[in-house]
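Please look at the model below and follow its strands one at a time. The paragraphs that come after it start with a term and then move to the places where the term is used.

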Amino acid sequence: MAMRQTPLTCSGHTRPVVDLAFSGITPYGYFLISACKDGKPMLRQGDTGDWIGTFLGHKGAVWGATLNADATKAATAAADFTALWDSRSMEEVKTLMFETSVSSMEYVADGEILVITYGKTVAFYNALSLDLIKTVEAPAPINSASLHPDKDFFVAGGEDFKLYKFDYGTKEELESYKGHFGPVHCVRFSPDGELYASGSEDGTLRLWQTAVGKTYGLWKCVLPEDLGTENSEQLYSTTPEIKA
């Protein structure tokens, strides 16, 4: 019997979630920050989605948010023309041109890979030479994509409200499912690769298991022999919603 993907829904934002980022793995686990048009970036425990705190101060929609590796610093950028940032050089090194607007970009340090989405295309480039490695065409316009740390597969989400999983080597679509009630704006894998997070126009952030049915975070594996007859179709249970 196939196991059904059951996400953890992290509510709390009041407008579309447009960006998110994980920290590295720290002695306290890893963390997740989300950017939203409500102007209030939120920090959460990465493996459970539990709310830790909200950053106040922006007076406009927050379009970008990120954490450093050890989660001691956060940087956000908003429509009020403010940001936490540092740059060593303002010089252009190389340029890539695309036929349509670029909707997202992810840098994968292990392997020096750039994941770029535009239109229905997910493109992978060598981050040093900017040479094209491969492209994958999705069934719908894609707003964001993320490569698994092991580089076996990647996930993508976009305008049709769906999340897609593709085999990185063969480009085969492995699965797809509707996870949100609006376009998916951002998707990212956790640093350990055990889950991925998605943010949507519906104002929610959701956490999805990479290996469905595994005991991890708030997901608890329930073996078929432990299930009663009334729950024979449920193969594992979760806490379905995390509220801020």
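A polar contact is a pair of N or O atoms within 3.5 Å; within a protein, one of the two must be able to donate a hydrogen and the other to accept it. The model shown here is predicted.

With that term in hand, take Arg-44. The side chain of Arg-44 reaches the backbone oxygen of Gly-49 at 3.2 Å.

What is the nearest side chain of opposite charge to Arg-44? That side chain is Asp-50, and it is 7.2 Å away. A salt bridge needs a side-chain nitrogen of Lys or Arg within 4 Å of a carboxyl oxygen of Asp or Glu. Arg-44 has no salt bridge, yet Arg-44 is buried.

Now place this residue in its surroundings. Arg-44 belongs to strand β4, which covers residues 42–45. Strand β4 is part of an open sheet of 4 strands, in the order β2-β3-β4-β5, with antiparallel pairing. At the edges are β2 (17–22) and β5 (51–54), each of which pairs on one side only. On average, neighbouring strands of this sheet are turned by 20° against each other, direction ignored.

Strands of a sheet pair through backbone hydrogen bonds, either parallel or antiparallel. Between strand β3 (residues 31–36) and β4 there are 4 bridges, and these two strands run antiparallel.

Return to Gly-49, the residue whose backbone oxygen the side chain of Arg-44 reaches. Gly-49 sits in the loop between β4 and β5. Is Gly-49 buried or exposed? Gly-49 counts as buried because its relative accessibility is 0%, and the cut-off for buried is under 20%. Gly-49 and Arg-206 are 157 residues apart in sequence, while their C-alpha atoms are 8.2 Å apart in space.

Strand β12 (residues 142–147) is mostly covered, with 6 of its 6 residues buried. Its partner is strand β13 (residues 153–158): 5 bridges join the two, and they run antiparallel. Within this pair, Ser-146 stands opposite Val-155 in β13. The hairpin of β12 and β13 has 5 residues between the strands, and in this hairpin Lys-151 takes a positive phi near 60°.

Technical notes:
Residues numbered from 1 in each chain as written. Predicted model: local features only at pLDDT ≥ 70, side-chain atom pairs only at ≥ 80, totals over all residues. Heavy atoms only, no water. Buried < 20%, exposed > 50% of the residue type's maximum accessible area, 1.4 Å probe, protein only. Lys, Arg positive; Asp, Glu negative; His and termini not counted. Pairing = 2+ DSSP bridges. Axes fitted to C-alpha atoms, helices over the stretch in contact; angles between N-to-C directions.
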